[in-house]
Amino acid sequence: MAALKVGVLISGRGSNLQALIEACRDPATNARIVLVLSNKADAGGLVRAAEAGIPTAVIDHKAYENRAGFDGELDRQLKAAGVELVCLAGFMRILTDGFIAAWRNRMINIHPSLLPAYRGLDTHARALADGVKLAGCTVHYVRPELDTGPIIVQAAVPVVSGDTPETLAARVLAAEHRAYPLALRLLATGRVKVEDEKAILDGRPVSGTILMNPSE
Ligand code: GRF
């Protein structure tokens with residue numbers, strides 16, 4: 001099976017991008033990042049990509065009259081690079097329904113909560129305010145409604161006493177860096193399919209669940 005060509009969309013520091021870059025160094029992942037696109041010229045992730053020798057491009061959303069124009073340019077550049085799977089990794093733009101439809105089941109996102117809980121922003125502060133005891137992250141296919149779509153992998157971490165949004169975010173981020181590479185490997189090796197709007201894994205030993213203990 002040929003390595004899957006991946007495009008990663010970022011807006012910021014790119015720590016998940018880094019995790020994907022490192023995962024792609026392992027032939028078992030069966031994926032290659034062929035393009036990193038950012039809507040922000042100062043995104044730290046662009047430096048990480050350049051250091052790894054991955055082509056990058058900046059598409060400034062402010063240069064476009066509307067979302068459709070911006071998404072059209074995203075689509076054009078992804079196609080020109082031969083991208084087969086789009087990974088959203090801290091990409092802070094709402095995508096149009098048309099773009100999402102064009103990449104249906106070929107675009108995934110990582111979100112810092114155990115979906116369907118805490119869609120949207122400020123997930124960790126909201127989870128702490130609710131007193132939940134488990135937090136985590138979700139890798140899911142992208143659908144038009146924000147932070148919905150078939151769930152591929154989830155990783156759970158404990159909430160510990162004294163947690164602040166920052167300490168919890170750091171623990172969840174470490175889980176993200178395991179969950180996203182796992183999801184990419186499952187997709188790139190053909191082990192995931194969508195049936196009835198559920199992501200089905202093939203039943204072999206790797207599952208879509210990661211439980212992390214507090215020391216990890
Ligand atoms: C992560 O917490 C991710 O779950 C969310 O945005 C953040 C991006 O962080 N979608 P990074 O840029 O990958 O470090």
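1. Is Ser-161 buried or exposed? Ser-161 counts as exposed, because its relative accessibility is 77%; the classes used here are buried (under 20% relative accessible area), exposed (over 50%) and partly exposed (in between), computed with a 1.4 Å probe on protein chains only. Ser-161 lies in the loop between strand 7 (151-158) and helix 6 (165-188). Helices (H or I, at least four residues) and strands (E, at least two) are DSSP runs numbered from the N terminus.

2. Basis of the values. The model is predicted: local features need pLDDT of at least 70 and side-chain atom pairs count only at pLDDT 80 or more, while totals for chains, interfaces and linings use all residues. Residues are numbered from 1 along each chain as its sequence is written, and side-chain values use heavy atoms, with hydrogens and water left out.

3. Burial of strand 5. Strand 5 (residues 107-111) is mostly covered, with 5 of its 5 residues buried. Met-107, Asn-109 and His-111 point one way from the strand, whereas Ile-108 and Ile-110 point the other way. In a regular strand the side chains alternate between the two faces of the sheet. The residues on both sides of strand 5 are all buried.

4. Parallel neighbour of strand 5. Strand 4 (residues 85-88) runs parallel to strand 5 and is joined to it by 3 bridges; two strands are taken to pair if DSSP finds at least two bridges between them. Within this pairing, Val-86 stands opposite Met-107. The chain passes from strand 4 through helix 4 (residues 97-102) to strand 5, and this β-α-β crossover is right-handed. The term right-handed applies if, with the strands pointing away from the viewer, the path from the first strand over the helix to the second runs clockwise.

5. Antiparallel pairings. Strand 5 also pairs with strand 6 (residues 134-141), in the antiparallel sense and over 4 bridges. The bridge partner of Thr-138 in strand 7 is Gln-154.

6. Domains and their interface. The domain assignment, whose bounds come from an automatic or database source, gives domain 1 (1-103) and domain 2 (109-216). Their centres, taken over C-alpha atoms, are separated by 20 Å. Contact (heavy atoms within 4.5 Å) involves 22 residues of domain 1 and 18 residues of domain 2. The area buried between the two domains is about 1,600 Å², of which carbon and sulfur atoms give 73%. Asn-16, Leu-88 and Ile-100 supply 30% of the area that domain 1 buries against domain 2, more than any other three residues. Buried area is the accessible area (1.4 Å probe) that two parts lose on being put together, summed over both.

7. Salt bridges overall. A salt bridge is a side-chain nitrogen of Lys or Arg within 4 Å of a carboxyl oxygen of Asp or Glu. The structure holds 8 salt bridges. Across the interface of domain 1 and domain 2 the rule finds 0 salt bridges.

8. The pair Asp-60 and Lys-62. Their side chains meet in a salt bridge at 3.6 Å, N to O. Asp-60 counts as partly exposed because its relative accessibility is 31%. Lys-62 has a relative accessible area of 65% and is therefore exposed.

9. The pair Arg-104 and Glu-197. These side chains form a salt bridge at 3.2 Å, N to O. The pair links distant parts of the chain, 93 residues apart: Arg-104 is in the loop between helix 4 and strand 5, and Glu-197 is in the loop between strand 8 (192-195) and strand 9 (198-201). Arg-104 is partly exposed because its relative accessibility is 43%, and Glu-197 is partly exposed because its relative accessible area is 37%.

10. The side chains of Lys-193 and Glu-195 meet in a salt bridge at 3.6 Å, N to O. Lys-193 is partly exposed, with a relative accessible area of 47%, and Glu-195 counts as partly exposed at 40% relative accessibility. Elsewhere, salt bridges that share partners join Arg-104, Arg-143 and Glu-197 into one network.
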